[in-house]
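Please open the model in your viewer and keep the selection panel at hand. The tour begins at the ligand and then turns to the domains.

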Amino acid sequence: MTLSFDPAKPEFRSGHFIGGEFVAGAPELAMHRPSDGAEFAGCPVAGEAIVDQAVIAAKDALKSSGWSTCRPRERTNAMLRWADLIDKNAEELARLECVPSTRLINQLIAGDIAVTAEQIRFFAELADKEGGDVVPTDSGSFGMIVTEPYGVVGAITPWNFPISMAGWKMGPALAAGNAVVLKPSEMTPFSTLRMAELSVEAGIPAGLVNIVLGDGPVTGNALTGHPDIAKVSFTGSTGAGSAIMANVARTGIKPMTLELGGKSPQIVFADADIALAADCIARSILFNGGQACVAGSRVIAHASIAGELAERLTTLMSGQKPGPGWDEATTYSPCISARQRARVHGLVQAAISEGAEVLAGAREMDHPGYFYEPTLLTNVSQDNIAVREEVFGPVLTLQTFESDEEAFALADHPTYGLAAGVYSRDVSRALRSIKSIAAGTIWINRYGRSRDHILPTGGYKSSGIGKDLGRDAYHANRRSKSVLIDL
Ligand code: NAD
């Protein structure tokens with residue numbers, strides 16, 4: 001059976017999904033297929049009235065369905081049915097995601113969608129297991145911490161992993177007893193809409209999952225500033241995260257989970273397995289065309305092995321075959337848009353003008369889609385633009401060090417602290433790295449997430465506030481109330 005398909009075939013239903021129904025909206029934003037540049041659909045932009053309609057639907061559904069007050073196992077069971085439907089409809093979801101995005105059909109089926117269904121199961125199972133606490137007090141009283149859902153959570157997701165990000169937001173919010181109004185990226189809304197429809201099919205009461213389409217400045221702003229949105233959960237760039245903080249501060253105070261940008265280092269010590277390190281580094285920057293928040297884009301290698309590492313990397317990064325995401329033979333993703341590819345190229349050119357030497361790539365690919373050659377730059381100082389800025393494309397920098405302290409100093413980024421990779425066979429050095437690097441995730445002798453959903457993800461510094469995944473994400477969707485009873 002082939003997974004390849006005709007990109008004109010899927011039906012892209014473009015409308016908002018409110019109270020279990022599609023609400024039409026005029027397509028205002030043109031949508032292009034990044035694999036070949038063709039315009040194929042349009043995205044409506046919800047203004048304040050549509051956002052308000054979605055929030056009211058969410059509040060009404062919470063009131064009428066008993067979602068937050070029922071026996072928690074009922075939430076678990078409904079969400080398990082939803083996860084099963086996601087698995088069952090994986091091919092359709094993958095097609096809806098693959099055409100507008102940079103995700104490849106084979107990776108979606110085996111990866112993103114299967115993992116999202118698992119993560120929804122993970123959160124569903126927490127609903128009747130995670131609770132409050134009885135706390136030690138003096139013997140004349142009884143102390144408790146009870147937890148409650150917030151109400152309506154406003155979620156906003158990026159385009160780089162649309163289904164996964166929607167699962168990360170909706171899974172814990174729903175399991176914890178909330179309703180959700182989610183705004184997906186205006187570039188990739190269709191798979192999220194279908195997920196929402198499947199939630200109703202699974203028996204999650206209509207109105208608990210609402211999707212509003214539109215851009216950040218109009219729809220996103222209306223959502224984060226809505227007085228009845230009790231909590232904001234955002235994944236996207238650090239710039240948009242700051243704009244959201246400012247908007248929330250202007251319109252009221254509410255808790256926020258912010259999963260933002262990164263510029264993650266990968267340190268290769270002289271005692272590392274160089275073949276393993278090269279393989280992990282190349283995969284991390286090639287995956288989704290380098291468009292992952294945790295892309296390990298800054299390689300910091302001991303001077304004695306940097307030459308061998310660079311040779312291995314240039315080999316592993318060469319010979320990528322660009323192609324449509326809907327062709328299962330394709331293994332290399334385009335940039336999301338012509339604008340993003342031009343930005344990547346502009347940053348590479350600026351880095352070269354600041355002294356960077358090109359070991360590979362640094363060119364747009366000769367292809368109708370928005371492809372950029374995997375690029376390796378060396379001879380870059382710590383303040384070179386390619387080291388400082390999140391490129392969000394297939395661009396690696398290579399810096400060298402002599403001492404461990406120098407490596408840790410180079411790894412420290414003034415702005416970001418999302419993830420880091422460390423390659424060493426010396427267990428003490430590896431453990432010292434954990435204490436020496438300021439990042440929310442450290443991977444040692446590997447790079448990238450596993451399917452251990454219990455491990456939370458989130459950033460230090462301007463890479464974010466709070467965590468997605470793990471128990472942390474569930475608890476971030478409930479607020480606590482302290483109770484003290486005098487006996
Ligand atoms: P983006 O910030 O441009 O957009 C993300 C989402 O926010 C979109 O839905 C967009 O419409 C919306 N948005 C933009 N401005 C807004 C505003 N002022 N108010 C409300 N909503 C607004 O990011 P992107 O280009 O879609 O995604 C790439 C970025 O996301 C990268 O910086 C990447 O590192 C980051 N990211 C982080 C994680 C993580 O877990 N830390 C995961 C994936 C992506």
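A polar contact is a pair of N or O atoms within 3.5 Å; within protein, one atom must be able to donate a hydrogen and the other to accept it, and residues adjacent in sequence count only if both atoms are side-chain atoms. The model is predicted, with local features requiring pLDDT of at least 70 and side-chain atom pairs pLDDT 80 or more, whereas totals for chains, interfaces and linings use all residues. Residues are numbered from 1 along each chain as its sequence is written, and side-chain values use heavy atoms, with hydrogens and water left out.

Select S237 first: an N or O atom in its side chain is 2.6 Å from an oxygen atom of the ligand. At E390, a polar side-chain atom lies 2.6 Å from a ligand oxygen atom. At T157, a backbone N or O atom is 2.8 Å from an oxygen atom of the ligand. The protein buries 88% of the 850 Å² that the ligand exposes when taken alone (accessible areas by the Shrake-Rupley method with a 1.4 Å probe).

The ligand is surrounded by 29 residues, the closest being T157, W159, E186, S237 and E390.

Now colour domain 1 (15-260 + 464-484) and domain 2 (265-452), into which the protein chain is divided; the bounds come from an automatic or database domain assignment. Both domains give residues to the shell, so the ligand lies between them. Their centres, taken over C-alpha atoms, are 30 Å apart.

Finally, display the contacts (heavy atoms within 4.5 Å): 28 residues of domain 1 touch 29 residues of domain 2.

Conventions: Near = heavy atom within 4 Å.
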